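Please look over the sequence and the model below before reading on. The briefing that follows goes through strands, a sheet, helices, a loop residue and the nonpolar cores in turn.

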Amino acid sequence: MQLESIKGVGSKTIGILHDLNIYSVQDLVNYYPYRYEILTPFSLSDAYKGERIAINVMITSVPNVYFFKKNFNRMQFNCLHLNKEIKAVIFNRAFMSQHLKIGKIVTLIGRYEARNNTFTCEDIKLRELSTTSITPVYHTKKGLKNSDLHKMIINAIDYSYTMENDDLIPPEFRSKYNFMGQEQMLRMLHDPKNHDEVKKATIVAKYEELFNFMFKINYRHEVNIGIAKEPKKFNKTQVNNFIKSLPFVLTDSQNDATDAIIKDLKSKKKMNRLVLGDVGSGKTIVSFIAVYATFLSGEQSVLMAPTEVLARQHYKNALNIFKDYNLNIELLVGSQKSKEKEEIKERLLNAEIDLVIGTHAIIEENVVFQNLGLVIADEQHRFGVKQRELLQNKSDVADSLYMSATPIPRSYALTLYGDLDVSFILHKPGGRKEIKTVIKKYSELKEVLRTVLEEIKKGHQIYVVASMIGEDNDLDLKSVELLKSKFDMAFQNKVPSEILHGKLKAKEKQEIMQRFKNNETKILIATTVIEVGVDVENATVMVIFDAHRFGLATLHQLRGRVGRNDVDSYCYLICDKEIERLKVLEESNDGFYICEKDLELRGEGDLFGQKQSGQRTFKMADLRTDKKILEQAKKNSEE
């Protein structure tokens, strides 16, 4: 069904609908309100001082409009409310004056000030409010009024339900839970008669959403466990000897994850495993053990990272870990010259490379392996589903290993990643000290700068994080450019500093990061581009400005860039707001605990990063409050 078929959708509105990610009639009817405006007719005598209310009035004077600055006007008129004459005032609604005729009864929404007998309106409804009314409010854009979008949605429901529609909830469950039909659910959500209808319809919508999500997850799991492959043939003693040769001892969690992976590799079923571990917990070495086992079986491995900086870091670490072994390792990233890329692709095809590490360049169609046996995706939630599939499709039967440093509460991980086997790495490697996290107000910034200077004098390096690239006076955020000038001024331009952010070209980012790794730059001032995987052991202080702008999980990942050695490390959260929420980070360095708190305080959106990451978010369901519905939907989808 085409959007253009719906009454009210024209050439002008179609573009706005696309901006709202509405491309079909189905998208339109499933574009739910984010809140409801509930209006009950009040009398002034019953209202509390300053309370937002709705009153019915009869207009008794012609509206007067006063124009001030450009695009600013004030309209006022007299009106009668229950035999009491009052003055009504509203701003920037001059266009309504032609509809406000003497004798007309309208509804004013706003606040009454008895001292000057004036009702200041937020809105005026051109009808009398006789009973409680409930109006859906949608996220919309300039050029499309809420009321017009609402009419389109109602028209779309009328249009689409004259045709056959697939019911997304199986009839046995709709009957079991006494759920209303899909059409009735949509009408109650978009055009409710009362709040009770909203509550009933919302439960059905949440179940429908979670059931379908869990059904896809469980279906994929069934497909995955049905894919057969040749077990990898390698000597486990050789793998154990490799582990013993490492310059550190694996933690219990790392050993458990390794044992599960080795078992998967030797299995006749294709591996689909997620290694979920805190920042700095040692996931990468577990993946390298899997690479070594795959190498012993005579097969190739590929590791894809979300950024070139991280890919190069993995490449350097792999060269170091495997320096005494006979693995041929190569890097394949977008910034390499065409000739170099072509040579690597040819060597991959000829099986002359055992491990290739890279970015999205790896999933290009002309990158072909001769005998790919292991696919690894680091920070897997940063890739879209299609990107992961393209990587997996390099071989029908390659084992797949995913890694993520986004800690998710165990119960949610086992549900949301139900199509994967999950290994948790819960403990950090020995020899690392806990990061000391302190919240500081802007008035205490000098104390922080003193610590920064002391650390620089010791030869250490500093991360500084801003939440915006350019200045935004409305939000009063400290931009990277402004912070650089402030730090340069504070240290009299004697401490080398650089800026790093996502809008720089890949080559520029790589060069800046390399100078920081080489200790040429002492202070790196960046956006959250440094959140993922960047490893500079010499960095001991993380300073995060406007910390209240970030979720707890993101802040925890950012501070994980320091404390990667055996010296004292510090994280300073600079802000004057939401200090109580941020105290969770002062109390704990446990990413899984912090994520639980983040889920309580902010909801599931932060668990998976930004929208472009292809994360699993829900239109209606909320993991904080809908755990019981999620568990029931999971059980039913398995049935």
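**Briefing on the predicted model**

Strand β11 (residues 329–332) is covered on both faces, since I329 and L331 on one side are buried, as are E330 and L332 on the other; buried means under 20% relative accessible area, exposed over 50% and partly exposed in between, with a 1.4 Å probe and protein chains only. This is a predicted model, in which local features need pLDDT of at least 70 and side-chain atom pairs count only at pLDDT 80 or more, while totals for chains, interfaces and linings use all residues. Residues are numbered from 1 along each chain as its sequence is written, and side-chain values use heavy atoms, with hydrogens and water left out. Helices (H or I, at least four residues) and strands (E, at least two) are DSSP runs, numbered from the N terminus.

**Strand pairing**

- β11 pairs with strand β12 (residues 355–358) in the parallel sense over 4 bridges, where two strands pair if DSSP finds at least two bridges between them.
- Within this pairing, L332 has G358 in β12 as its bridge partner.

**The open sheet and its helices**

- An open sheet is formed by 6 strands in the order β16-β21-β20-β17-β19-β18, with parallel pairing.
- Its edge strands, β16 (436–440) and β18 (497–500), each pair on one side only.
- From one strand to the next, the twist averages 20 degrees, with axes taken as lines fitted to C-alpha atoms (for helices over the stretch in contact) and angles running from 0 to 180 degrees between N-to-C directions.
- Strands β17 (residues 461–465) and β20 (residues 539–545) run parallel and are joined by 5 bridges, and V465 stands opposite I544 in β20.
- Helix α16 (residues 506–517) packs on the sheet and touches β17, β18, β19 (523–526) and β20, its direction making about 145 degrees with that of β18; contact means heavy atoms within 4.5 Å.
- Helix α17 (residues 552–559) also packs on the sheet, touching β16, β17, β20 and β21 (570–574), and its direction makes about 150 degrees with that of β20.

- Helix α8 (residues 252–266) has 15 residues and reaches 21 Å from its first C-alpha to its last, close to the 21 Å expected, where the expected span is 1.5 Å times one less than the number of residues.
- The buried residues of α8 include A257, I261 and L265, and among the elements that cover the buried residues of this helix are α7 (236–245), β9 (272–277) and α9 (283–296).
- Helix α9 is mostly covered, as 11 of its 14 residues are buried, including F288 and Y292.

- α9 is followed by G298, whose phi is positive, near 80 degrees, and E299 is found in the loop between α9 and β10 (300–304).
- E299 has a relative accessible area of 22%, so it is partly exposed.
- Although E299 and L372 are 73 residues apart in sequence, they are 5.8 Å apart in space, C-alpha to C-alpha.

**Nonpolar cores**

- In the largest nonpolar core, of 60 residues, L17, L28, L149, M185, L189 and L276 touch the most other members; such a core is a set of buried Ala, Val, Leu, Ile, Met, Phe, Trp, Tyr and Cys residues joined through side-chain atoms within 4.5 Å.
- Helix α6 (residues 195–225) gives the most to this core, with 10 residues.
- Apart from this core lies another, of 38 residues, among them L250, I262, L374 and I376.
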